[in-house]
Amino acid sequence: MKDKLDNDQRQDELAAADEKDQVGYVRYLCEIYLREQPDHVRTLIRYANNLISLAQYSKAASALDRAQLLAPKKYLNRVLAQRGHLMEAQGTFLEAEKMFMRAHRLDADEATYLIYAGSAAFRRGDLSKAKKLATKATKCSKGCIDEAFFNLGGYLLSARRYKEAANCYLKALKIDNNYEIAKKRLEDVELILKKEALAVRHKMILQKRLAKVEAGQGAFLTMAQLKKRLTDRAA
């Protein structure tokens, strides 16, 4: 019982340090724990994640090799996902995407691994694949669906599909109304949409007035004067 309590306390301490992004202390705690329990899969995964953040890629790969040998099926998707992060950190985005999809196939209702795969596709420049994967992630029953909508919004923004991007950010905020970066991105695309709407309105006014000039309905301004006047107003 005491050993279990000690283990629980150590895991709590590790989780708290990780939450605070205390990367040095997390590594220190992981190494102490793994000296005593070298086969603890969850700690091996956490250790690998920490080593990736410290650019200790070879050691991270070794930790993941050991974790994969020991992992029960319920943890294998986490090991594969961490391998994906390692590949992504090393710049091999296509391989990372494939690894995330391997993790996804072990838990098909979970959005997380599709989100990761979409991000890897985006980073290698395949915007179409990124949108497809993020869209699929929004339809999952588990995971960070708000993040799936947020990422999809980013891919649509990249493609200049601002109205659709805004809709995705709104859906993310409907799930989590404290999603601050989604609020900022929504403000971003709304500025563009307002400018575009204003430009369309001025264009319609210009077209109507030009039509009057061409029809000889008593307009006193020349076309050049009219265009300049509307341009000045828009500014």
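A: From the N terminus on, the elements of the protein chain run α-α-α-α-α-α-α-α-α-α-α-α, a total of 12 helices and zero strands. The model is a predicted one. The protein chain has 235 residues, of which buried residues make up 36%. Among contacts between residues at least 6 apart in sequence, 48% join residues at least 24 apart.

Against this background, the largest pocket holds about 340 Å³ of space. Three helices, α3 (41-53), α5 (73-89) and α7 (112-123), each supply at least two residues of its lining. The residues that line the largest pocket are D18, R42, I45, R46, N49, R78, A81, Q82, H85, T112, Y113 and Y116.

Elsewhere in the chain, helix α9 (residues 145-158) contains D146. This aspartate is buried yet has no salt bridge. The nearest side chain of opposite charge belongs to K183, and it is 12 Å away, whereas a salt bridge requires a side-chain nitrogen of Lys or Arg within 4 Å of a carboxyl oxygen. Leaving aside neighbours within four places in sequence, D146 is in contact with A172, I175, D176 and Y179.

C144, at 37% relative accessibility, counts as partly exposed. A search of the whole structure finds zero disulfides.

Notes
Residues are numbered from 1 along each chain as its sequence is written. This is a predicted model: local features need pLDDT of at least 70, side-chain atom pairs count only at pLDDT 80 or more; totals for chains, interfaces and linings use all residues. Side-chain values use heavy atoms; hydrogens and water are left out. A disulfide is a pair of cysteine sulfur atoms within 2.5 Å. Buried means under 20% relative accessible area, exposed over 50%, partly exposed in between (1.4 Å probe, protein chains only). Helices (H or I, at least four residues) and strands (E, at least two) are DSSP runs, numbered from the N terminus. Lys and Arg count as positive and Asp and Glu as negative; His and the chain ends are not counted. Contact means heavy atoms within 4.5 Å. On a 1 Å grid over the protein atoms alone, a cavity is a set of points where a 1.4 Å probe fits but cannot get out, and a pocket is an open set with protein on both sides within 12 Å along at least five of seven lines; lining residues have an atom within 4 Å of a point. Grid points are joined across faces, edges and corners, and a volume is the space filled by probe spheres set on the points.
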